[in-house]
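Open the model in your viewer and keep the selection tool at hand. Each stop below says what to select and what is there.

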Amino acid sequence: MNAYKNIAVRAAERAGNFVAKAFANRDRIIAQSKGPNDFVSNIDKQAEEIIIDAIKYSYPDHAILAEESGQHGESDTVWIIDPIDGTTNFLLGIPHFAISIAVKHKNKTLAAVIYDPIKDETFTASNGSGAQLNNTRIRVSDKKKLDNSVLATGFPFRGNQNLSEYLTYFETIFPLCIDMRRAGSASLDLAYVAAGRLDGFWEFGLSEWDTAAGILIVKEAGGFVGDVKGNPYQEKSKSILAANPGVFKHFMKSVKDL
């Protein structure tokens with residue numbers, strides 16, 4: 001698992017250096033639409049290629065699931081890649097985005113990396129070995145209830161998402177907590193929960209490449225992860241809730257009648 005984590009860190013930092021240089025020289029960025037309010041750039045695609053090349057050099061027989069290029073190969077071991085999580089921020093010049101890589105074997109996540117190339121922060125985890133930020137151990141916060149907590153969320157920006165359901169949850173939870181953040185990168189929201197910077201994060205309509213790495217990092221930092229109903233989180237879950245144990249339980253209690 002440490003070998004997988006080391007390769008993931010190497011791939012993420014190599015891609016992150018490329019992305020950071022492109023971010024500083026914005027005339028290199030060419031963007032196009034993938035769908036309603038959903039964008040991709042040439043930098044996303046090139047960063048993904050850098051990551052895949054680094055993985056395939058060490059593990060040529062492993063499979064890849066990547067946001068921009070889809071499924072590559074068949075194997076019990078799959079690398080799940082988001083080359084730039086927070087592309088809209090990246091395109092707008094907002095310095096808040098990350099590279100996310102997770103490794104699964106027979107659907108069990110073994111290692112995970114989330115790398116913020118602008119802040120040079122590397123969040124990592126291996127199954128059973130805890131979570132780290134730049135090689136220093138991290139833990140979720142110790143808040144017990146929502147009334148002294150700050151949460152993060154993501155708005156349902158795609159046209160096919162259920163805005164009314166999201167707003168019902170928001171209207172219930174927002175008055176109960178100190179504040180709610182919407183920063184535009186789910187992987188970093190999860191990493192910040194793991195590091196105790198946020199007390200919880202919830203969102204609807206995410207994909208596996210958005211969450212796979214962050215889920216392991218949160219769990220290894222002592223947090224809970226499920227959907228907003230409290231069910232175990234699965235690949236096809238339509239929502240996610242990640243929080244420290246106390247906030248997770250209080251969130252569940254607060255929305256049980258929705």
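Select Ala186, Ser187, Leu188, Asp189, Leu190, Ala191, Tyr192, Val193 and Ala194: these are the buried residues of helix H5 in this predicted model.

On H5 they are Ala186, Ser187, Leu190, Val193 and Ala194. On H6 they are Asp210, Thr211, Gly214, Ile215, Ile217 and Val218. By type, the residues of the contact of H5 with H6 divide into 7 nonpolar, 3 polar and 1 charged. An α-helix has 3.6 residues a turn, so residues three or four places apart point the same way.

Next, go to Gly196, which follows H5. The phi of Gly196 is positive, near 80°.

Move on to Asp199, in the loop between H5 and strand E13 (200-204). Is Asp199 buried or exposed? Its relative accessibility is 3%, so Asp199 counts as buried.

Show the side chains of Asp199 and Ser141: they make a polar contact at 2.6 Å. Finally, select the other residues around Asp199. Leaving aside neighbours within four places in sequence, its contacts include Lys143, Asn148, Ser149, Val150 and Leu151. Ala243, Asn244 and Val247 are also in contact with Asp199.

Conventions
Residues numbered from 1 in each chain as written. Predicted model: local features only at pLDDT ≥ 70, side-chain atom pairs only at ≥ 80, totals over all residues. Heavy atoms only, no water. Buried < 20%, exposed > 50% of the residue type's maximum accessible area, 1.4 Å probe, protein only. Helix = DSSP H or I, 4+ residues; strand = E, 2+ residues; numbered from the N terminus. Polar contact = N/O pair within 3.5 Å; in protein donor to acceptor, adjacent residues only side chain to side chain. Contact = heavy atoms within 4.5 Å. Nonpolar A, V, L, I, M, F, W, Y, C, P; charged D, E, K, R; others polar.
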